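Me: I have a model open and want to go through its packing. Can you take my questions one at a time?

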Amino acid sequence: MPPEPAPLDRESDIMRAALDQVRSRLPDNWLVEADVPSALFGPDAEVSLASPQGDEAMLLVAAKRTVVTGDLKSIVGQLDEYAAARPGGARRGRQRATPMIVARYLPQTVQSWLEKQNVAYADATGNLRIALDRPALFVRDIGAIKDPWRGPGRPKGNLTGEPAARVVRALVDFQPPYSVPEIVDLASASNGATYRVIQFLEEQALLERERRGPIQSVDWRGVLDRWAQDYGFQRTNTVTRYLSPRGMSVIMDRLARVGDETGSRYAVTGSLATPRWESYAPARLGMIYAEDPDRIVDLLDLREVETGANVLLARPASDVVFERTELLIGVTIAAASQVAVDMMTGPGRNPSEAEALLNWMENNVDQWRR
């Protein structure tokens, strides 16, 4: 068994461990000096980085035991205020101090947010990024991908399961503002599940909600990205592989001809569905949700195979995949949000096709979001 990590319960210990990671990754001829200000108003530390040529940069550090993405905006904003108030901070030839977050462990969502804002960070496991113009410096390293201090049995936020799928789909498919009770109705989910998902996404800075008020904005693309970490077309649903000897066009033609004669719900997803919004290269793989897969197999004359499949038929883990469907040449296709996440987690070239669909969705929000 791996050794238990040091407790690092005090912010001073966290600071020391994180800065040790910085020192260990810089050349020996770089100078790293940390000063802890005595003033009540100020950063937890001021860290000076000096190159061999004498160029110097200042990092203003906030040390936290744990950090969630939703806290970052206010933390970085406070560091920016400290930087603006520093004596001599605006002197000619002197660059503004750079904000930096240190913690015991920084999850990937936090790292991604900080990178987009060009905020330096380091944690005690070795996750590290510092990018400076003067002195020219870029340091990046990867540490733990899971929190080593998270003990067994401690709750962990995620977007697994049918309730999460329902709430995510509602948040993405409908444009805010809306209240939490309205999302409960739109998602057909329980109050408890809805509040848990919304709180999790709020912590990830993927939605903004007024205190005890309505949700004002949703980063729908970020929500889909986060959902794709816990949901997958093949790993979440019961998928069987088939061969359609005559290719994809036959599948769409037959589904269009039979119409409602399928006798149960189905929804085409993946690249077969994307011409509803924008055409890409001809589809090579058919992905279909079916309430009664055997019925679809008979209608489409599919043959189950071990290898060489060009159709993936899925019995869905949640019937949310059948909600807010649309028609394409008489064929029922899944909602754009469902198609996107299915392609993001699909095989072959699906992820690259998903990127193209997401870009279209971003430029044409009013055409798919209600």
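**Packing notes**

Reply: To start, a polar atom of the Gln 21 side chain lies 3.2 Å from the backbone oxygen of Ala 124; a polar contact is a pair of N or O atoms within 3.5 Å, where within protein one must be able to donate a hydrogen and the other to accept it, and residues adjacent in sequence count only if both atoms are side-chain atoms. The model is predicted, so local features need pLDDT of at least 70 and side-chain atom pairs pLDDT 80 or more, while totals for chains, interfaces and linings use all residues. Residues are numbered from 1 along each chain as its sequence is written, and side-chain values use heavy atoms, with hydrogens and water left out.

Me: What else is Gln 21 in contact with?

Reply: Leaving aside neighbours within four places in sequence, the contacts of Gln 21 are Asp 123, Ala 124, Thr 125, Gly 126 and Leu 128, where contact means heavy atoms within 4.5 Å.

Me: New topic. How many residues has the largest nonpolar core?

Reply: That core has 73 residues, and Leu 171, Leu 201, Val 268, Trp 277 and Met 361 have the most contacts inside it. A nonpolar core is a set of buried Ala, Val, Leu, Ile, Met, Phe, Trp, Tyr and Cys residues joined through side-chain atoms within 4.5 Å. Helix H4, residues 162-173, gives the most to this core, with seven residues. Apart from it lies another core of 23 residues, including Ala 18, Val 32, Leu 59 and Leu 128.

Me: Which residues of H4 meet H7?

Reply: Ala 165, Val 168, Arg 169 and Val 172 in H4 meet Trp 220, Val 223, Leu 224 and Trp 227 in H7.

Me: And Tyr 266, which strand does it lie in?

Reply: Tyr 266 lies in strand S11, residues 266-269, and is buried at 6% relative accessible area. The Tyr 266 side chain reaches the backbone nitrogen of Thr 332 at 3.1 Å.

Me: How far apart are Tyr 266 and Asp 319?

Reply: They are 53 residues apart in sequence and 9.9 Å apart in space, C-alpha to C-alpha.

Methods. Buried < 20%, exposed > 50% of the residue type's maximum accessible area, 1.4 Å probe, protein only. Helix = DSSP H or I, 4+ residues; strand = E, 2+ residues; numbered from the N terminus.
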